[in-house]
Amino acid sequence: MSFTGTKLALFLGPRLLVILRDETVDIPFPGHWDFPGGGRENGETPQECTLRETYEEVGLALAPEELTYARCYPRPDGDSWFFAAHLSEATVADIRFGDEGQGWELMTPAAYIAHPLGIPRFKDRLQNYLQRSQSDGA
């Protein structure tokens, strides 16, 4: 399986957990709002990658079965995976922000999609997920 990384739309209650990326020129989309996730390490599966990255970035240890949605997005530089999970709003108390990014926030999906500093491809992936969830009756 060849992929480069993952992202997780992590809902805590009705809102998404988003991370404000650092303002460094050596990363894509500096200063933009991002989802937990990142690059693959040591032959990880997509699921293992997103669980590890989420723990490293926000201190939340999700169980594999808490990932309720997964979709592969082929890209010229390597496939990427987009996951979703829905946890209780009480989980906010368990967040322990890591050392990447400037901070975190909870944002409604509509606010993220409309935000000028939301990452465009992740806005699209979130919209795809929301449309599918609505059509599935979730």
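Residues are numbered from 1 along each chain as its sequence is written. In this predicted model, local features need pLDDT of at least 70, side-chain atom pairs count only at pLDDT 80 or more, totals for chains, interfaces and linings use all residues, and side-chain values use heavy atoms, with hydrogens and water left out.

**Figure 1. Overall fold of the protein, with 3 helices and 7 strands.** The order along the sequence is β-β-β-β-α-β-β-β-α-α. Helices (H or I, at least four residues) and strands (E, at least two) are DSSP runs, numbered from the N terminus. The radius of gyration is 14 Å, close to the 14 Å of the globule rule for 138 residues, so the protein is as compact as a globular protein of that length. That radius is taken over C-alpha atoms, and the rule is 2.2 Å times the number of residues to the power 0.38. The C-alpha trace spans about 35 × 30 × 30 Å along its principal axes. Of contacts between residues at least 6 apart in sequence, 64% join residues at least 24 apart; contact means heavy atoms within 4.5 Å. Buried residues account for 44% of the 138. Buried means under 20% relative accessible area, exposed over 50%, and partly exposed in between (1.4 Å probe, protein chains only).

**Figure 2. The aromatic pair Phe11 and Tyr129.** The whole structure holds 6 aromatic pairs. In this one the ring centres lie 6.1 Å apart and the planes meet at 45°, so the pair is tilted. Phe11 belongs to strand β1 (residues 3-12) and Tyr129 to helix α3 (residues 120-135), 118 residues apart. Both Phe11 and Tyr129 are buried. Rings of Phe, Tyr and Trp (its six-membered ring) pair if their centres lie within 6.5 Å; planes under 30 degrees apart are stacked, over 60 edge-to-face, and the rest tilted.

**Figure 3. An aromatic cluster of Phe35, Phe82, Tyr112 and Phe122.** Tyr112 sits in helix α2 (residues 109-114). Its relative accessible area is 0%, so Tyr112 is buried.

**Figure 4. Surroundings of Tyr112.** Residues up to four places away in sequence are not counted here. Thr4 is 108 residues from Tyr112 in sequence, and their C-alpha atoms are 24 Å apart in space.
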